[in-house]
Amino acid sequence: MKLTQGTSLNSSMGSHFIDHVIKKSMEGLSSDKYAVLDDHTHPHHEVTLCQMTLFVIYVGVTFLYAVRAPRSFVRGKQDEPEPDVERTRDTKPVTNHVAVEVKDANDSNVVKESEKASVQTPKRPPPPPPPTFDAFLKCIIVFGAIMGYYFLCDYIKVFPAEPRVYSRDTFLFLVFLLFLVACVFTIRPTKDIILNREQTEEWKGWMQVMFVWYHYFAAKEWYNWIRVYIACYVWMTGFGNFSFFWVRKDFSLWRIIKMMFRLNFLVIFVVMTTNNEYMLYYICAMHTYWFITVYVFMRVLNSWNQNRIKMAVKFAAYIICNALIFEISGACSTLFRPLWFIFGLHETKHDIMHEWEFRAGLDHWACLTGMLCAYNYPYFEALLKRLEKEANSRREKYTQIGVKIIMIVVALAVGVLWYTTFMRKDKYAYNRTHCYSSMIPILVFIVLRNCFPVLRRHYIHMFAWLGKITLETYLSQLHIYLQSNAKDLLGYLVDQPLLNFALATIIYLLVSYMLFHLTTEFSSFLIPKDLSVVSKYAVTGAIVVAVAAAVAFGIQVSLGGHILV
């Protein structure tokens, strides 16, 4: 990416920092956001020690499973339980009473802003038990096969590279067709809750489609929108995790381990398999960092979390720290340099910390905005409930309708003003204002998406399904949907772009869906509630890796120091 020269610097400290980072990030790079040195555009023929270690582990696990499988099958037949007739009976619905409470500024009284709502919901089934050891071994075998496919597609490059060609007509046609099918055939009912789980998954899903297709079709003219979508994801990190810690008050180490595993397990294995650096997958690094900031914010002085005045002090401290890190030129790079082995990226022509400084700096206020929205969520919910309750008089009814109309008109006007002011800028000019303006479309979308009960009570299931596997689709797109760090397409069917797109999409979604469930199974098995068991697994895993690395090193030495494929 190249920055147009002659851009004037804003006198403010924040704008100066953004200008500084953008200039450093864009000079000398290609227009692709994943642009790195040309080494990744050519197939590799030398297997690294890390890759060989993974292969040794995979062979060992496969052998162990092959030995255990026959006995496990026989034992499973003998222990097969009789069908439980009682479990087949329908469970009676249970009435859950939900009361929304909003605390006043002095935290001395509780003001009930909404009446109790009765929601008929069936009994939730108990969570599935963790997989058995044999099932765990089977998951490893499937997971290893998928990583091997990554290795073949984007390291060895067994499939030819196809060029990315952008056609606005084709791109918009496919987007329109997908949204039409999704809205016509997959709309389903859900609970009437603002920003309910299905709604946020739907939000993530359709943004992920646009994010991935932006890369696949080289739709560079949509760059500004992609930046907004990434800000939305960071906003959700702040909103979701703040809500969890505020409501559940679960600051346990187990919770931290679970979240770190979910965010980084897959990407670590992808890094080892493809011989890339962690920071190349900057989304994972960003979400990990912002999750940690939310945790620290809520964990430190957590007794203050129930007092609005003290929470205001905590928010002020967070804002100050965030500004010192990201608004002062060079501060971010200096602060995180000791973690260069995590946040550093050597495959650019700039300082190794530059990529982290640029990516994190673009969205450094989005997480805070999400936290503030979560903190004030009860007020917004109470307002909508008051506007939608049954009116006692015609005057009250007209007042409710009038306030709703004003809310919608104001949101639309703000959205239009934001679009005309910011979104028409070229990508370099837009980047300088993105971190200060990205919260505007987020808030406008939330108001419009939740302004009517009928909108809250329905969601688009296709996009919600995609929203559950966004981490997997994000990582997989770079290796089995595209290749060479998103510079080229994976050519399953050469010179047949649409058929290649269809086949690649099917394989890509299938693999991503499998990876999502495999990660869930691994998390369930490896991270039980008993942390002493987690420690034993960690020690066992370290020993296995050490032995496998020694074997791999021995193989490498015996072959003259190089393993070629």
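What share of the contacts in the chain with a separation of 6 or more is accounted for by residues 24 or more positions apart? Such residues account for 79% of these contacts, where contact means heavy atoms within 4.5 Å. The structure is a predicted model, in which local features need pLDDT of at least 70 and side-chain atom pairs count only at pLDDT 80 or more, while totals for chains, interfaces and linings use all residues. Residues are numbered from 1 along each chain as its sequence is written, and side-chain values use heavy atoms, with hydrogens and water left out.

The chain contains 22 helices and 11 strands; helices (H or I, at least four residues) and strands (E, at least two) are DSSP runs numbered from the N terminus. Of its 565 residues, 47% count as buried. Here buried means under 20% relative accessible area, exposed over 50%, and partly exposed in between, with a 1.4 Å probe and protein chains only.

Helix α8 spans residues 282-299. Its end C-alpha atoms are 25 Å apart, in agreement with the 26 Å that its 18 residues should span at 1.5 Å a residue; the expected span is 1.5 Å times one less than the number of residues. The helix is largely enclosed by the rest of the structure, because 15 of its 18 residues are buried.

Two packed helices are described by the angle between their axes and the distance between the axes. Helix α8 packs with helix α12 (residues 354-362) at an angle of about 60°, and the axes are 10 Å apart. The axes are lines fitted to C-alpha atoms, for helices over the stretch in contact, and angles run from 0 to 180 degrees between N-to-C directions. The crossing of α8 and α12 is right-handed, a crossing being right-handed if the near helix is turned clockwise from the far one by less than a right angle and left-handed if anticlockwise. On the α8 side the contact involves Y282, A285, M286, Y289 and W290, which meet W356, R359 and A360 in α12. These residues divide into seven nonpolar, no polar and one charged; Ala, Val, Leu, Ile, Met, Phe, Trp, Tyr, Cys and Pro count as nonpolar, Asp, Glu, Lys and Arg as charged, and the others, Gly among them, as polar.

Helix α15 (residues 394-423) has 30 residues and reaches 42 Å from its first C-alpha to its last, close to the 44 Å expected at 1.5 Å a residue. Its buried residues are Q400, K404, M407, I408, A411, G415, W418, F422 and M423. They pack against α6, α14 (377-388), α16 (427-437) and α17 (439-450).

A pair of aromatic rings is described by the distance of the centres and the angle of the planes. Rings of Phe, Tyr and Trp (its six-membered ring) pair if their centres lie within 6.5 Å; planes under 30 degrees apart count as stacked, over 60 as edge-to-face and the rest as tilted. By this rule the count comes to 57 aromatic pairs. One of them joins F151 and Y155, a stacked pair at 5.2 Å centre to centre with 25° between the planes. Both residues lie in helix α3 (residues 133-156), four residues apart, about one turn of the helix. F151 is buried at 15% relative accessibility, and Y155 is buried with a relative accessible area of 3%. The rings of W235 and F239 are also stacked, with centres 4.9 Å apart and planes at 10°. W235 and F239 are four residues apart in helix α6 (residues 223-248), and therefore separated by about one helical turn. Both W235 and F239 are buried. They belong to one aromatic cluster, whose members include W203, W206, Y377 and W418.

V212, in helix α5 (residues 197-216), is buried at 4% relative accessibility. Beyond residues up to four places away in sequence, V212 touches Q477, Y481 and Y508. V212 and Y481 are 269 residues apart in sequence, yet 9.2 Å apart in space, C-alpha to C-alpha.

Most residues other than glycine have a negative phi. N275, in the loop between α7 (253-274) and α8, has a positive phi near 60° and is partly exposed, with a relative accessible area of 40%. N485 also has a positive phi, of about 55°. N485 is found in the loop between β9 (482-483) and β10 (488-490) and is buried, with a relative accessible area of 2%. Just after α8, L301 takes a positive phi of about 50°.
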